Amino acid sequence: MPDHQTVDLLVIGAGMAGLTAGARAVRNGLSVVVVEIGDDVGGSARYAGYAWTAPSHEEMERHNPGGDASLKCALVDRFQDGIDWIRSTGVEAKDAQPILSFGQGHQFDTNHYVDTCRRIIVEAGGELLLTTDTERLLVENGAVAGAELVTSDGMRRQVRATSTLLATGGFQGDVDLRNKLVHPHADRLELRSNPHSRGAGYRLATAAGASTGLPGAGFYGHLIPSGIPFADPSDFVDLSLYYSEHALLFNLLGERFTDETLGDHLTTMALMEQPENRGLLIADARVFRDWVVGSYVEGAVAVDKFALAGKRGGRVGFAEELDELVYLPEEWGYDGSAVRAAVERFNARTAAGEDPAPGRRLDRLPLDEPPYYVVEAVPAITFPFHGVRIDDRARVRGEDGEPIEGLLAAGSDTGGLWYRAYAGGIASALVFGLTAAGTATLRAASHGQEGRG
């Protein structure tokens with residue numbers, strides 16, 4: 001193995017975005033090296049199963065008004081090309097189906113996909129370096145010209161590249177960056193992600209002069225039962241309380257504080273702003289029957305999340321009648337009488353066709369069918385929305401807003417696309433991974449012409 005080489009594209013991170021870019025690049029005829037700090041490829045994409053986003057510019061704007069306009073347009077416009085690309089690799093992407101209340105997407109086997117991309121890269125002569133850290137980017141005359149790597153045995157290796165792509169998956173695995181850039185109490189968040197995304201891309205980019213997204217952008221995650229650490233990646237789905245969109249969530253003061261129906265992923269951010277970042281999620285028999293033990297989306301495996309939370313030692317309660325909510329355990333810290341009264345007020349207003357406060361845009365039915373199912377919920381993070389700024393060609397922007405020559409980014413390393421809103425992380429990684437490969441191909445061709453000149 002040489003201690004230095006030159007390639008068309010160096011990819012740092014072998015998750016959804018990095019492998020997509022690498023596979024597309026080798027199909028375009030580029031020489032590629034992919035670097036991954038973990039001992040396997042795939043990252044958090046291995047825990048996903050759908051690529052989805054808003055189906056139109058209007059829907060994207062309605063649900064993500066604070067996001068970067070050019071990135072939002074690119075995601076919507078190029079999403080179908082991304083699905084076509086998945087199918088071109090031989091991986092099945094099923095027909096489009098509704099996702100959440102507004103999205104549209106395709107189920108596919110993400111494990112098959114990332115393994116297929118790895119095979120495409122290696123069979124085309126690309127190189128994959130596992131358990132390899134990226135120590136620094138090579139910056140020459142303001143342009144990025146590759147990186148210096150450190151292998152698992154401590155050997156240093158320099159890879160020079162016409163284009164370098166950052167695709168390390170975000171910084172959710174780094175508590176200090178989470179507290180600084182997501183929320184002052186983000187260290188309390190359970191990590192709903194692979195453990196290797198610890199901000200390598202963010203640090204490399206900012207050291208090279210990259211600009212970053214807006215403060216307070218939030219994060220993508222889901223509510224989970226309190227007091228239950230993730231024991232296995234399957235918990236990322238099995239313990240996520242997606243049904244909160246149809247239930248009621250109360251803070252320690254016994255108050256509703258957000259419109260739960262807009263999405264569990266949004267309620268998760270809202271709970272971070274409440275006392276002690278925890279709350280009571282209450283469902284009645286209707287919600288339990290239709291949503292707790294039902295599939296979140298068509299084709300997903302249904303899990304009784306209430307039963308699982310109780311089995312794993314979470315704080316759960318069961319009330320035959322609404323009045324039994326007054327007997328919430330004292331050590332939980334909630335006023336059971338206040339919670340019962342709040343549910344009664346909600347039911348009275350919604351049954352009368354009046355708006356509750358806060359409002360309910362979607363599921364406006366009362367929770368008046370006993371019994372009642374109670375789970376104490378806390379937020380968990382999958383990835384932050386703050387990250388490295390890019391343009392719609394996946395080029396990293398410098399502090400002056402102009403692209404940093406030779407530096408690209410895609411996936412959860414990027415910021416600006418989402419602002420306290422979300423419409424598909426796998427879709428973003430797919431689309432901007434392909435975009436990065438296209439930009440790298442054009443740059444390689446341009447440099448080849450310069451060399452011939």
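The questions and answers below go through some terms used for this predicted model and the values behind them.

User: What should I keep in mind about the numbering and the model before we start?

Analyst: Residues are numbered from 1 along each chain as its sequence is written, and side-chain values use heavy atoms, with hydrogens and water left out. The model is predicted, so local features need pLDDT of at least 70 and side-chain atom pairs count only at pLDDT 80 or more, while totals for chains, interfaces and linings use all residues.

User: Which residues is I381 in contact with, leaving aside its neighbours within four places in sequence?

Analyst: Contact means heavy atoms within 4.5 Å, and the partners of I381 include Q172, R178, L189, F219 and Y220. As for T268, it is 113 residues from I381 in sequence and 8.7 Å from it in space, C-alpha to C-alpha.

User: How do you know whether E331 counts as buried or exposed?

Analyst: The relative accessibility of E331 is 60%, and because this is over 50%, E331 counts as exposed. E331 lies in the loop between strand 14 (316-319) and helix 11 (336-351).

User: What makes strand 13 largely enclosed by the rest of the structure?

Analyst: Strand 13 covers residues 279-284, and six of its six residues are buried, so it is largely enclosed by the rest of the structure. Both of its faces are covered, with G279, L281 and A283 buried on one side and L280, I282 and D284 buried on the other.

User: How do you know that strand 13 pairs with strand 12 and strand 15?

Analyst: Two strands pair if DSSP finds at least two bridges between them. Strand 12 (residues 248-250) and strand 13 are joined in the antiparallel sense over three bridges, and F250 stands opposite L280 there. Strand 13 and strand 15 (residues 372-384) also run antiparallel and are joined by six bridges, with A283 standing opposite Y373. In general, strands of a sheet pair through backbone hydrogen bonds, either parallel or antiparallel.

User: Why is helix 8 called largely enclosed?

Analyst: Seven of the eight residues of helix 8 (residues 264-271) are buried, so the helix is largely enclosed by the rest of the structure. Among the buried residues are H265, T268 and L271, and what covers them includes strand 11 (219-225), strand 12, strand 13 and strand 15.

User: What makes strand 3 and strand 4 the edge strands of their sheet?

Analyst: Three strands form an open sheet in the order 3-5-4, with antiparallel pairing, and strand 3 (50-53) and strand 4 (97-99) are the edge strands in that each pairs on one side only. Strand 4 and strand 5 form a hairpin with three residues between them, and L100 in the turn has a positive phi of about 55 degrees.

User: What is the angle between helix 1 and helix 4, and how is their crossing named?

Analyst: Axes are lines fitted to C-alpha atoms, for helices over the stretch in contact, and angles run from 0 to 180 degrees between N-to-C directions. On that basis helix 1 (residues 16-27) and helix 4 (residues 110-123) pack at an angle of about 35 degrees, with their axes 8 Å apart. The crossing is left-handed, a name used if the near helix is turned anticlockwise from the far one by less than a right angle, whereas clockwise would be right-handed. The contact is made by residues including L19, A23 and V26 of helix 1 and V114, C117 and I121 of helix 4.

User: How do you know how many disulfides there are?

Analyst: A disulfide is a pair of cysteine sulfur atoms within 2.5 Å, and a search of the whole structure finds zero of them. As for individual cysteines, C73 is partly exposed at 36% relative accessible area, whereas C117 counts as buried at 0%.

Conventions
Buried < 20%, exposed > 50% of the residue type's maximum accessible area, 1.4 Å probe, protein only. Helix = DSSP H or I, 4+ residues; strand = E, 2+ residues; numbered from the N terminus.
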